[in-house]
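Work through the exercises below with the structure open beside you. Try each task before reading its solution.

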Amino acid sequence: MKKPPNIFVRRTVFSAAATFLGTVFALPLVWFVFAPFNARAELGLAIPSPFTLSNFATVFQNTFAMQALLNSLIQAAGGVVLVGGAATLAAYALSRSPIPGKGAVTYILLLFSSVVSGSAAMVPIFLIISAAGLIDTHLAVILVFAGGLLPTAMFILRDFIDAIPRSYEESAMVAGASPLQAFFDVALPVIRPGIVVVVVWAFVNIWGSFLIPFILLRSDKLMPASVAIYSFYSEAGTPIVTLLAAYSLIYSLPVIALYLFANWKFGFRFFGGIKS
Amino acid sequence: MKTFSLLSTRAGALFLAPASALVGVFVIIPFFWVIVVSFTNRTLLGRTAVDPDFVGLQNYFALFNPATFFTRGQFGFSLILTIQFVLLSALIGQALLGLLLAWLSQTVTPTLKSFLQTAVIAAWILPEVVIGFAWFAFLDYDNGTLNMIMRGLGLPPGDWLLQQPFWVIVFFNTWRGAAFSMMLFNSAFQSIPPSYFQAADVAGATSWQKLRDIALPLIRGHVVTDLILITMWTFNVFTPFLLTHGGPSYRTEILSIYTYRIAFKDFEFGKGAAVGVVIMLINLAFALVYLRLAHKKPVEAE
Amino acid sequence: MASVEFQNISKSFGAFVAVPDISFQIADGEFICLLGPSGCGKTTSLRMIAGLETPSSGRVMIGGRDVTYLHPKDRGISMVFQDYALYPHMNIADNIAYPLKVRGEQETKRHARAKEVADVLKIGDLLKRLPSQISGGQQQRTSLARALVYPSEVYLFDEPLSNLDAKLRLEARGFLNHLQRDMGMTAVYVTHDQAEAMALATRIAVMDKGRIVQFAPPIEIYRRPATTFVANFVGNPPMNLVPVEASVGEGALHLRAEGLQLAPIAPTEAIAKAAKSGRMTLGVRPEHLRIAGQGDQNIVSGELFANENMGPESLVTLERGDNGRVTARIFTDDEIKVGTSVHLAFDTRHVTLFDDSGARIPAADER
C-alpha cells in the first residue's frame, strides 16, 4: 500500500515543468520581441536601448520589401476568393444534391489531396504551369494553392452544411422559392460562419507558404514576402538583421491577428479541428 | 419524370464544376503526370526538355541502386535520413511532447496554462520563413541566444548548424509541430468526463496512474490518428530547408529537399518525378491506414 | 381550400419500403390527422403531399390536379415543420413575410401583412426580434404565421407541437382547433400523440408500417377500433387487452383467462366464426372498469400492482395470475394497498372482441 503523494509537491513539480517547457518553447522567439525595435540589432539577444521604430521606417522605404508584402496579399486574397467560392458551391452540391457516388468522391478526394503533397508533386506542378505558360505569374500561385487547399476546404464545409437542417431550404421552397433562391436567401447566410473559418485557414496557409512561390516564380517583382525574407537572410555574407527583424514582424502580424480573431470567435477548437 | 431534391443533379454538377476543375488540374493530373514523367528522362534544359525519351524504370533503378544507395547525397541516404527524422521528430518528439504538454495543461493553473499554450502555439502558427529566421538567429555561433545560455551555464558553445545539423532539424521540427498534438490531446482529454478522474482521485491514484490507466486507454483512437497525421506531415515537410538547405554536405537532406535539388538544381525532372512517386506511394500507405481508422473511430470513442 | 387524394401511392428508399400501397381521399375542409408510431410512414406521406418526396409509384392529387411531379412551390400548400425552420439571420417579421418576398411583393406590403398575421397569433410585438431571442412557443407561432401569411389550398403540419412542453402544447392545440373551425382549412396533420389527433381531427388515419389501418372520425376510432393495434394506440391509458381462450357451447360464447370471470355472451355469426380458432382478445377501456360489488357478473381479478393518484382520478393497475396487467380509471378516495386482491367489474356492452388476427369483431347491434 503506497502512501498518497503530497499534492503540493506534485503541483509544484508540474508547475515547474510547465514553466520550463513554456520557456523553452518561447526561447527562439524571444529575440523577436526585441530585435525589431533595436536599431543596432544583431543575431544576438539584446535589450534595445533605446526602443525605436526606425527599423520599420527603413522597411517601409524598401520598395522591394513592400512590393513583396503586396504580392503576398494579392496571392493570398486571390487564393482565398477562389477557395472560398469554389469550396462553398462544391460543398453545397455534395451535401444537398443527389449526385451518384458522392461518398466515394469525398473519400477519393481526401486521399488524393493527402497523397499529392507539395514535395511529391513539385515536378508535375511545375511542368503543368510551364505548359500553360503561367510560370512567373501571380495566377499560377493562386491556382495551385486553390487546387491544393480545395479538398480540405470542401470537406470542412460539407460537414458544416450537413449540420444545417434541410427543413430550412424545404420550408423556403414550400413558401415559393426556387432552389437557387433558397440557396442565396436561406442557406448561404447560415453557411457564412463556416466560410469564414475556411477563408481564415486558407489565408494563413497561403500567406505563410514558401515552397510553391519558390518554385513557380522567377522575377523579383512577383515574389511574396516569404521568399523575399528568405532571400534576405540566406545570401552569403551578413544579413541586414535590423531590416529582417522588423520585416518579419510586419509579415507575421496578419497571421497573429487572424489567429487571435479565430480564437476569439471560435475558441481553440478552430485550429485543432481545421488541421485535421 | 423528376424526383424532388434540394439541388437538382444538373445544378449540383454545375456547382461542383469550378472546384472539380481546379482539383482536377492541380491535384489529380499531377498524380498521374508525376508517374508518367518518372518513366522518362525529362530535364529542364537541353534536348530532353522538349523531346524526352521513355526510359522505363531506369530512374527507379538509379534511385535504388545498391551500389550508391547509402552514399550521402543519394536517394537511399535521404530516405533513411527521412525515416529517422520522422521517427524522432514526429513519433517520439511531437507526439510524446504533445501528450505531455496536454496533460500538464489539464493540471496547472490557468495563467500558467495560457503561457504554455501561447508559447507552443506561437511556434506553430508563425510563418515558416519567420521561424526559420528566428532559429537561424537562435543558433548563431557568436551571438545566438542558445550559445548565450550555454556560455552562461558554463557549457561550451556549439556551431550547431555545422556540427549537429540533423539534431537541429529534429528539434526544430518537433518544436514547430508539437502544438497540433498538444491541441488534439487537449480536446481528447477534455472529452473524458471529469467524474472519471475524480473517482480515481478518491481512490488515491497518482497523476501518472490516472494518465496511464484512465486517460490513455480512452484516447487510444486519438493517439493513433495523431500519430498517422503527424507522421505524414513530417514526412512531407519542407521547412527545414529554410534552416539548413539540406546541408551541410547533405546531412539534413530529407526527401522533400532531395527532390527539390534533383528537380530544380540538377534539373533532372524524370528522376525528381521518380522520387515524387516514391513519396506518394508512402503517403498513400499512411493515408489509407488513416482513412480506415477514421471510419472506425466513432465506435472506439465510447 | 381543396381536396387531397392519394391513388395507389408507394414509396421506397432503396431497399426499404416505407409505404407499400396507400390510397385515400380527403375532402375540402377536412382536418385529417395521420397518427401512428415512429416509422409508420406518416411523415413520408405528408412529404409526398408537399412534394418534398417523390412517390415511387402512384398519383397525388390536390384540388383535382395531378401534382405528383410538381415542385412544392407550385402545389398551393403551406407547411409547418417540426423544427419550425425559422431562418436565424432574419428577424421575425422577415421570417413571416418570406413567402411574400419570394412572390415579389414589396416590403411595406409584406410587413403589413406579416403584422396582421402576427397580431392574430399574439406575437405582433416580437417582429423585430431574432428567432434565437424568442421562446419555443413563440417560435412555433411564428412558424404558423409564415404558413398563414399567404393563401393556400392545403395546410400541412409535421408534428408541430412535439417540441413544446406539456402546458404550451395544450394551449397551442386549443388554438389550432379554433383556427380550423374559423377558417375551415383543409389540413393534413402528422402526429404520434393520440390526444392531439383526437382533439383536432375531423378524421384520423391510423397508420402502421406504411399502411392505413383505420381511417375514420375520432369517436369511431375510439369506440370501434378496427384492430388491437388501433385500440392500444388511441386512448390514455390504452384499452386493456386480455388474450382469452374462446369456445362456443350451449349456444353461448365462453371466454376463459386467468383472473377473468365472464358472463356468457350471445354469439353472433361473426363471433362464432372467430371463436373457431379458439383464441380471441377481449378489450375493455380503463374508464369502463369499476371496483366490483355484489351482483357483478363480469369481473377481472388480480393483485394490486400500482395505484397512481392523478388528482381527478386514480389509475389502478392490477396484475392477473398470468402476469397480464389491467388498468382502471377509478374515482375513489379509498385506500387500496399493494398486494391486496382487487376485483374490477365491467358491463358486457363495454366489451370489445378481437379475433386471433387482431381484427375487431363487430358487435351484435352493428350494421
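A salt bridge is a side-chain nitrogen of Lys or Arg within 4 Å of a carboxyl oxygen of Asp or Glu. The model used here is predicted.

**Exercise 1. Salt bridges**

Task: Find how many salt bridges there are between chain C and chain A, and check one pair against the cut-off.

Solution. 
Step 1. Between chain C and chain A the count is 2 salt bridges. Over all chains, the structure holds 26 salt bridges.
Step 2. Take the side chains of C:Arg47 and A:Glu170, which form a salt bridge with an N to O distance of 2.6 Å. The limit is 4 Å, so the pair meets the rule.
Step 3. Now take a pair inside chain A: the side chains of A:Glu169 and A:Arg96 form a salt bridge at 2.8 Å, N to O. A:Glu169 belongs to helix H7 (residues 167-174) of chain A and A:Arg96 to helix H3 (residues 63-96) of chain A, so this pair links parts 73 residues apart in sequence.

**Exercise 2. The interface of chain C and chain A**

Task: Describe which residues and elements of chain C touch chain A.

Solution. 
Step 1. Count the contacts: 23 residues of chain C touch 19 residues of chain A.
Step 2. State the area. The size of an interface is often given as the accessible area lost when the parts come together. Here chain C and chain A bury about 1600 Å² between them, and 62% of that is on carbon and sulfur atoms.
Step 3. Count the polar contacts: 9 residue pairs, both residues at pLDDT 80 or more, are found across this interface.
Step 4. Name the elements. Strand S6 (77-80) and helix H2 (92-102) of chain C each give two or more residues to the side that touches chain A. H2(C) gives the most, with 4 residues.
Step 5. Sort by class: the side of chain C that touches chain A has 14 nonpolar, 3 polar and 6 charged residues.

**Exercise 3. The sheet of chain C**

Task: Give the strand order of the open sheet in chain C and say which strands stand at the edges.

Solution. 
Step 1. The order of the 4 strands is S2-S1-S4-S5, with antiparallel pairing.
Step 2. Strand S2 (16-26) and strand S5 (65-66) of chain C each have a single partner strand, so they are the edges, and one side of each has no neighbour in the sheet.
Step 3. Look at one pairing: strand S1 (residues 4-13) of chain C is antiparallel to S2(C), over 7 bridges. C:Glu5 has C:Gln25 in S2(C) as its bridge partner.

Conventions. Residues are numbered from 1 along each chain as its sequence is written. Chains are lettered from A and ligands numbered from 1 in the order in which they are written. This is a predicted model: local features need pLDDT of at least 70, side-chain atom pairs count only at pLDDT 80 or more; totals for chains, interfaces and linings use all residues. Side-chain values use heavy atoms; hydrogens and water are left out. Two strands pair if DSSP finds at least two bridges between them. Contact means heavy atoms within 4.5 Å. Buried area is the accessible area (1.4 Å probe) that two parts lose on being put together, summed over both. A polar contact is a pair of N or O atoms within 3.5 Å; within protein, one must be able to donate a hydrogen and the other to accept it, and residues adjacent in sequence count only if both atoms are side-chain atoms. Ala, Val, Leu, Ile, Met, Phe, Trp, Tyr, Cys and Pro count as nonpolar, Asp, Glu, Lys and Arg as charged, and the others, Gly among them, as polar.
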